[in-house]
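Student: I would like to learn how to read cores and ring pairs in a model. Could you take me through them?

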Amino acid sequence: MGAEPMRSDLGLYDYLPWPGRPRITWPGGKKLAVWIAPNIEFYEYDPPNNPTRTPWGRPNPDVLQYSHRDYGNRAGWQRMMAAMDQAGFRGSVSLNVALCDHHPEIIRACADRGWEFFSHGIYNTRYVYNMTVDQEREIIRDAFDTVRKHTGQELAGWLSPALSNNLWTMDILAEAGIRYTCDMFHDDQPMPVKVKSGKLISMPYSLEMNDVIVYNSQKVTPRHYGEIIRRQFDQLYRESDESGMVMCIPLHPYLVGQPHRIDAFAEAIDYIAGHDGVWQATGREIAEAYHASGAYDAMTAAAAKHAQGDR
Amino acid sequence: MSLPENYLDYPARRYGMDHDRYDWSDMFARKPITWPDGARIALSVVTHVQHFPLDMPAKPFKAPGALSMPYPDFRYFTHRVYGNRIGVFRILRLLAEKGLQTSFAVNGCIATRYPALLKAVVEGGHEVVAHGLDMGKVHHSGLSPEDENAIIAETLRLLRGATGQPVEGWLSPGRAQGFNTPELLARNGIRWNLDWANDDLPYPMRTSEGRLLAMPLAYETDDRVVANEYFQSEPEWVQQVKDRFDVLYRESADYGGRVMSLPLHSWVSGMPYRVEYLREVLDYILGHDGVWTAPVGQIAAAAEGQV
């Protein structure tokens, strides 16, 4: 695989403006699908370097950052899980699949609750940058095998490790049978992705509801995070009167599971769960409903029509 | 450039951690820890006393709080020194008013630069924790074991000599360690360290020189992190510290004793406009039954035999 020239657009989906789209209906007449995606991750103590991105800000071992993430797997996940249990949410786990080997106890606790597992790569310290297509196919195979072995589930979703991608990533995910990707942030509704084979959809997975972005990038206070979750929800809930939308809350137990943060979060998801029109779903269930209701075909047709200039 | 095939090898993919320093353990599944007199919370106040050299190196990384203007950076150099001239004494006065004996993490060079400061800390009944030689001497895997050992030994020689205390606790500048740091610390008589941010309880670490305890130090509610990395206000810091305490206090009813750590910096919380917010935090926490405040070494000693 030689070096390809850079492109000015991904070319992975057609533009389809929000007004006038085919109407989406969710199971049971619910208005808004809300799914929570805990990133259960393993960051390596001494990972190899990738020429495009170094795993840690400091030389290995970066014990402060390593141990900060490890907090999630020792303490934070229990608080996060208790808050979700309380509000009746099952998680869709964005899983670094090596965690099945490191911490099977955590995997078991999630599986026992009927949570879904989707792949977030092998480790969060291993990026797909500079991989060949075959190497990237190999980590997809590894993810399918590992999740099947430890949970009995067939992978349906994918979020690239540490949001690292190649231009061909979507094609080889679809080729392997992945049903939805979380790597793109262009919509509040699931949308078809143009791939060489299969039927891949882009699942709404909000960066701005993601606790890493909120806490580490935006420097938001824990109580204000609770506030923006409610506001995001209130707006989408109102808009879903017209057509079903999706709200995603991506989490990291090392952040939201800290003692100074968990209560504000727990109260926010309790608030969401208190609304009748909410469908507390998993990513897999949303993807299945999207296909079963005919939304995939309708959106594909609408996008094709729009692209042909029939606007 | 493509990645070599061995990028897909994972030699440490196995049960538990991907290193041998400590075992994985679920904090909520452990045997409950008990504190003296049945206390629910061990409050661990750790005030950082730091020296940032004017010529501090940028490689391989600067410790947080480092000077950031072009050399000679009088601006940040003197601002940090403010903490050692005024700020630390403001915190010491408040702790004395509250009758608290706590820990001070002190750069070794403070012993010779500001002996009066160290004397005030010791006379206040506080424990001195070794905080490296100075904030320009960060520990990392690029240091030879000999060079790193020399820094540790010199730090401890200075602090033990000046305080008369055994100095058995360690906090690395910037909480940065190399692969050898735990061994070198244990070899030099350190029994516990505050560098690892993965737990709300003490836990044992292995070194080839013997056992070391990891003691909790709250990274995200550290006064410097909230003020200088998150740019959040003092009332927002107070709220987060209170919320943190409330959750740990609640958990202690079902899961046993917890450690509530309160990391402070002489040049952050020692500011005139901030110190009364610290009083608000202390008043709130000390207003609860079952709070035991002690230097980290005493909390470590109470945990030994239980973890």
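Tutor: We will go through the nonpolar cores, then the aromatic pairs. This is a predicted model, where local features need pLDDT of at least 70, side-chain atom pairs count only at pLDDT 80 or more, and totals for chains, interfaces and linings use all residues. Residues are numbered from 1 along each chain as its sequence is written, chains are lettered from A and ligands numbered from 1 in the order in which they are written, and side-chain values use heavy atoms, with hydrogens and water left out.

Student: How many residues does the largest nonpolar core have?

Tutor: A nonpolar core joins buried Ala, Val, Leu, Ile, Met, Phe, Trp, Tyr and Cys residues through side-chain atoms within 4.5 Å. Buried means under 20% relative accessible area, exposed over 50%, partly exposed in between (1.4 Å probe, protein chains only). Here the largest has 140 residues, and A:F265 and B:L262 are among those with the most contacts inside it. Apart from it lies another core of 27 residues, including A:F118 and A:M203.

Student: And how do I read an aromatic pair?

Tutor: Rings of Phe, Tyr and Trp (its six-membered ring) pair if their centres lie within 6.5 Å; planes under 30 degrees apart are stacked, over 60 edge-to-face, and the rest tilted. The count is 24 aromatic pairs over all chains. The rings of A:F233 and A:Y271 have centres 6.0 Å apart and planes at 85°, so this pair is edge-to-face.
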